[in-house]
Amino acid sequence: MPIPRVRHLLATAALVVGFGAIPVVAQPATTEVADRRWWKEAVVYQVYPRSFADSNGDGIGDLNGVTAKLDYLKSLGVDVVWLSPHFDSPNADNGYDIRDYRKVLAQFGTMADFDTMLAGMKVRGIKLIIDLVVNHTSDEHHWFTEAKKGPNNPYRDYYIWRPGKAGEPPNNYPAFFGGSAWTKVGPGDEQYLHYFAVKQPDLNWDNPKVRGEVYDLMRFWLDKGVSGFRMDVIPFISKDPRFPDLNAEQLLHPDQVYANGPHVHDYLKEMRREVLSKYDTMSVGEAVGVTPEKGPLFTAASRGELDMIFRFEGVNIDRNGWRTKPWSLVDLKKIYGDLDRSAGTDGWNTSFIGNHDKPRAVSHLGDGSPASAKALATMMLTQRGTPFLYQGDELGMTNFPFTRIEQYDDISARNLWRDQVLGGKVTAAEFLPELAKTSRDNARTPMQWDKSVNAGFTSGTPWLAVNPNYATINVASEQADRASVLNHYRALVALRRKTPALQYGAYDDVDPTHPQVYAYTRTLGAARYLTVINFSATPAAYTLPRGLQVRSVMLDSMEQGVLPAVGRLALSPWQAVVYRL
Ligand code: TEU
Ligand code: CA
């Protein structure tokens, strides 16, 4: 195990230069924080099981693979694992289309394997949250195979049906994966609603039986010992039953309409009352379509809905759908500032730079280099809000060098190709380079464990190709390298854990308009820290604003460990430093 590079305040206090000896102020005890919660102090790690570790050589990651890697997760210092869907599914959308909520996907193993995995986590003090995908089911769920039989079926009202308009859909809602959000099936002229793929019919949350079914399945997993849920597109669960057409403005961002149903907050309050409040849980909503002003309605503790949400302005800063667009650090800082303000004192945020739906952080927010991966990690792990690491980001795993459409697995990529290129809207030459930069499959290539064949992910043929850079970017090589991205993550997680100000302290951007350097403080009582990040591949001579003076280096991505002369920093490309003030 490498030696953590976190410097202890007392050991470095003597290094203070430029100003006289300052008495060391003890950090306030966390008990002084008004509303302590384990999930505010936790660091979460997202496992996408299909791509994490394959235990039986079929090329598909599985639960026994996760169990085999628990010591690795423990060595990272993470407290919670978020497991992407592990339920029975025909995998039209890699498990986000559930056929049976109480059964483990056979490709991933059995319920006994799940129990073994959960027990292994428990022994190591790691909690598990699972993916609650209840805006929609698979069209192969028995509720839907019944419902589609006709208007008189007892399950009909589990889903949302409307008559078409003269052979056209009931309204102009678009689906996320292309085409209309309505499809006709079975007898009669009624169509069912699906915000995502045709194989993902939306549940009718206005039906109390549906809500009862959802609460039951939540209790089933909570009773097994999971500690909460990541809730897939949860703001979409309530629909306007009149289904008015979207106007031109709304068609530019239908997600904002979908996230604004009349009863979404009633249902979330009911869910907390009925289920979450009866257990010691954490809940995080995937807040697609939620604008900054509306965020607090989901997360204000006094409202009793969710604990926190994922907001996407940051990770989407450089894209418009499948196309990339220019962005600036100043824009990013503004997003983070707004996000922090919106959490206020009664709410809580998440901090993340990637997930299974986004390209690799180091490739789109950084420049692909390990130095930029460390800079992004420093940003993520010193923000206020619970950090969510995505598997492989801790290695600096990069985008895949996609060149051909056949290399993609994702339904979103394949449908876009059909609509955009086969539909004659753009040429393949225009489309493919953009898709390569924005595709979700970038995040779904197998985890890179070592430099053996298939990166140690599988002894068989991987379901999605391994990134060819695995010989250098992998766990085994990085364990052994003190200066690796992996060991920087470990140091950051350890620093956050022992530093209440990094968990609970107020966030203040001290230089919001600087185009190259991101500098912000985190303050809790008398404890004050400063993160400084050179967000570029060129060196930066940077004078600290507001007369700030640093006292000691807590962590330096370049390990220079040198304190600056008063207030003046010479930052290397992508250098990121956490100071104590
Ligand atoms: O994602 C919702 C969602 O809207 C994203 O897929 C979005 O379209 C994408 O980030 C492109 O920017 C959730 C899941 O995370 C995703 O994997 C599922 O495909 C989707 O819901 C349907 O369940
Ligand atoms: Ca397998």
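A: Happy to! One term comes first: a residue is near a molecule if one of its heavy atoms lies within 4 Å of it. Please keep in mind that this is a predicted model.

Let's start with ligand 1. Around it there are 16 residues, and those that come nearest are Asp93, Asp232, His356, Asp357 and Lys358. Sorted by class, this shell holds eight charged, five nonpolar and three polar residues.

Now look at some individual contacts. A polar atom in the side chain of aspartate 93 is 2.4 Å from an oxygen atom of ligand 1. The side chain of histidine 356 has an N or O atom 2.9 Å from an oxygen atom of the ligand. Glutamate 286 also takes part: an N or O atom of its side chain lies 2.9 Å from an oxygen atom of ligand 1. On its own, ligand 1 has 490 Å² of accessible area, and the protein covers 89% of that.

Elsewhere in the chain, you can find an open sheet of five strands, paired antiparallel in the order β16-β17-β18-β22-β20. Its edge strands, β16 (506-509) and β20 (552-556), each pair on one side only. On average, and ignoring direction, neighbouring strands of the sheet are turned by 20 degrees against each other.

Finally, helix α14 (residues 370-381) lies across β17, β18 (527-534) and β22 (576-580), and runs at about 150 degrees to β18.

How values were computed
Residues numbered from 1 in each chain as written. Chains lettered and ligands numbered in written order. Predicted model: local features only at pLDDT ≥ 70, side-chain atom pairs only at ≥ 80, totals over all residues. Heavy atoms only, no water. Pairing = 2+ DSSP bridges. Helix = DSSP H or I, 4+ residues; strand = E, 2+ residues; numbered from the N terminus. Axes fitted to C-alpha atoms, helices over the stretch in contact; angles between N-to-C directions. Contact = heavy atoms within 4.5 Å. Polar contact = N/O pair within 3.5 Å; in protein donor to acceptor, adjacent residues only side chain to side chain. Areas by Shrake-Rupley, 256 points an atom, 1.4 Å probe, with all protein chains shown as cover. Nonpolar A, V, L, I, M, F, W, Y, C, P; charged D, E, K, R; others polar.
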